[in-house]
Amino acid sequence: MMAEPREMKENKLWHRPLIIFITVLIVVGIIALVTTAVVQNKALPKKYKYGIVLDAGSSHTAVYIYEWPAEKENNTGMVRQTHSCNVKGKGISSYAARVKEAGMSLKACMDEAKGKIPVRRHHETPVYLGATAGMRLLMKENETQSEQVLSSVADFLRGYPFMYEGARIITGQEEGAYGWITVNYLSKNFHQERSTMGALDLGGASTQITFVSQLRVESPENSLHFRLYGNDYQVYTHSFLCYGKDQALRLTLAQQLQTGDRHLSDPCFHPGYQQEKSVDRVFGSPCVSTSLSRPTYANFTLNGTGNAKLCQSNVKRIFNFSSCTWGRCSFNGVFQPPVEGKFGAFSAFFFVMNFLNLTSSSLDESKEKLEQYCSKPWDEVKQSYSAIPEKYLAEYCFSGTYILALLENGYSFTSDKWRDIKFLKKIGGSDAGWTLGYMLNLTNMIPAEAPDAPPLPHSGYVSIMVLFSLLLAALLLLLACKVFGRPTCAQNKYVI
Ligand SMILES: O=c1[nH]cnc2c1ncn2[C@@H]1O[C@H](COP(=O)(O)OP(=O)(O)O)[C@@H](O)[C@H]1O
Ligand SMILES: [Ca+2]
């Protein structure tokens with residue numbers, strides 16, 4: 001009895017042309033919406049841009065290639081390092097006596113860069129060369145030679161199909177600042193209200209310390225101000241020329257050679273280590289003060305005694321803690337506010353501490369382990385690490401001791417603050433160092449104000465639009481039912 005009228009009413013409803021029309025329209029609409037959403041959100045093949053930076057350090061040159069999506073230049077963390085190449089041989093400052101060869105030394109790495117970057121992008125790929133402390137020292141010693149070395153590398157780089165953007169000696173202040181920008185950019189600290197981390201860079205000829213200081217930076221030459229992504233930063237930075245680990249070793253040796261003895265018993269080298277060294281190499285550096293007396297003999301013999309405690313007291317002597325005209329100083333009369341926040345310690349800080357297995361040790365533990373390591377006989381050390389070049393291996397005891405002295409006594413990282421130092425080489429696949437920050441700055445990729453971004457990501461926007469359209473469609477259908485087929489709809493919800 002009940003089935004008949006229902007069938008009749010259903011038939012009636014479906015025969016209404018308007019209802020059929022609306023239903024078809026809604027179905028077509030939904031299909032179109034979903035298709036648009038899917039098509040629109042399909043990953044497009046991204047267009048990439050590239051940049052090349054050459055880090056002409058005191059000990060060697062490295063070539064870095066960076067890549068970023070063309071349409072997202074101003075967003076933090078978008079640029080990444082895709083490739084790095086170590087130039088064979090020493091740093092460009094070592095070409096002072098044969099300047100013509102300086103440029104050619106870069107050939108293998110630059111040719112490699114040509115192969116790594118798509119040909120159609122070559123002409124718009126900027127190339128920057130920045131030279132650091134090795135060239136700063138050569139500039140002091142012999143300005144003509146340093147200019148000739150720079151023009152040799154500049155001429156060579158101009159011969160590539162890239163966009164040559166200059167070869168210059170960067171200042172210690174820039175080196176510190178760009179290192180700080182790099183680590184914070186890679187850690188995505190510039191966005192939101194995240195705190196930044198300090199940067200500690202140890203090279204062969206200079207070392208940099210850079211961090212945000214709440215305390216006023218008394219000395220203008222150590223004070224930097226940045227406005228990045230809408231935030232203001234007051235940054236302290238200092239670069240100590242001659243306090244990279246290779247120059248620091250020379251300073252320590254020169255100090256010890258003041259006794260006049262040709263046989264040097266050096267506690268910073270392993271027992272059994274013996275080497276003839278040239279007096280010229282030690283005293284030939286502009287870092288070694290002229291107030292130190294230069295021995296008359298040409299060579300001296302270095303005999304290791306492997307005593308980290310004695311080594312530490314020797315090393316400490318290269319820091320001058322006695323004169324300070326500011327409220328507080330690190331050493332050599334340089335102003336420094338107390339260290340604040342977390343720090344990333346990279347380049348030689350990492351190489352040395354990583355080799356010595358001290359990257360996650362406390363300060364006291366590090367001292368203990370270093371004492372054990374330094375006292376190991378040289379023969380044993382060589383045997384245990386046969387794959388490591390002797391040049392590096394011989395110096396890890398000294399370098400480790402120097403790093404502890406620099407951080408603890410020089411910068412005043414107490415046992416407590418020691419935990420805030422993270423020894424690192426890379427952050428998310430890109431090397432920590434000044435090069436990335438340098439390129440970001442020169443290509444204007446870090447805006448002062450945060451770029452305007454739509455409040456929703458694109459996919460979120462499309463999803464919400466689809467959802468609300470479906471909801472609207474359902475409402476419309478309900479409305480249609482109410483207007484055109486009120487009794488039927490009310491009884492036959494399942495039809496809809
Ligand atoms: O594998 C390693 N083990 C130990 N030290 C290393 C290693 N690779 C590089 N270094 C050292 O890191 C330092 C890098 O300094 P760089 O050449 O950048 O000088 P700069 O920054 O003072 O101009 C040098 O002292 C070099 O010997
Ligand atoms: Ca360096």
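Predicted model: local features only at pLDDT ≥ 70, side-chain atom pairs only at ≥ 80, totals over all residues.
User: Why is Glu175 called buried?

Analyst: A residue is buried if 20 or more other C-beta atoms lie within 10 Å of its own, exposed if 12 or fewer, and partly exposed in between, with C-beta atoms placed from the backbone. Glu175 has 28 C-beta neighbours inside 10 Å, so Glu175 counts as buried. In the protein chain, 38% of the 496 residues count as buried.

User: How do you know that Glu175 is an "active site"?

Analyst: That label comes from the UniProt annotation of an unreviewed entry. UniProt positions are given in the numbering used here, feature names are shortened, and annotations may be inferred rather than shown by experiment. In the model, Glu175 sits in helix α7 (residues 172-186). Helices (H or I, at least four residues) and strands (E, at least two) are DSSP runs, numbered from the N terminus.

User: What makes Gln208 and Ser206 buried?

Analyst: Let's count for each. Gln208 has 28 C-beta neighbours inside 10 Å, so Gln208 is buried. Ser206 has 25 inside 10 Å, so Ser206 is buried too. The unreviewed UniProt entry marks Gly204, Ala205, Ser206, Thr207 and Gln208 as "binding site".

User: What makes strands β6 and β13 a pair?

Analyst: Two strands pair if DSSP finds at least two bridges between them. Strand β6 (residues 198-202) and strand β13 (residues 343-347) have five bridges, in the parallel sense. Within this pairing, Leu202 stands opposite Ser347 in β13. Helix α11 (residues 348-355) packs on the sheet and touches β6, β13 and β14.

User: Which strands form the open sheet, and in what order?

Analyst: Six strands form it in the order β8-β9-β7-β6-β13-β14, with mixed pairing. The edge strands are β8 (223-228) and β14 (421-423), as each pairs on one side only.

User: Why is the protein chain called more spread out than a compact globule?

Analyst: The chain has 18 helices and 16 strands. Its radius of gyration is 33 Å, well over the 23 Å from the globule rule for 496 residues, so the protein chain is more spread out than a compact globule. The radius is taken over C-alpha atoms, and the rule is 2.2 Å times the number of residues to the power 0.38. Along the principal axes, the C-alpha atoms fill a box of roughly 125 × 50 × 50 Å.

User: What does the model show over residues 18-39?

Analyst: This stretch is 100% helix and 0% strand, with its end C-alpha atoms 31 Å apart. The unreviewed UniProt entry annotates residues 18-39 and 461-484 as "transmembrane region".

Notes
Residues numbered from 1 in each chain as written. Chains lettered and ligands numbered in written order. Contact = placed C-beta atoms within 7 Å. Axes fitted to C-alpha atoms, helices over the stretch in contact; angles between N-to-C directions.
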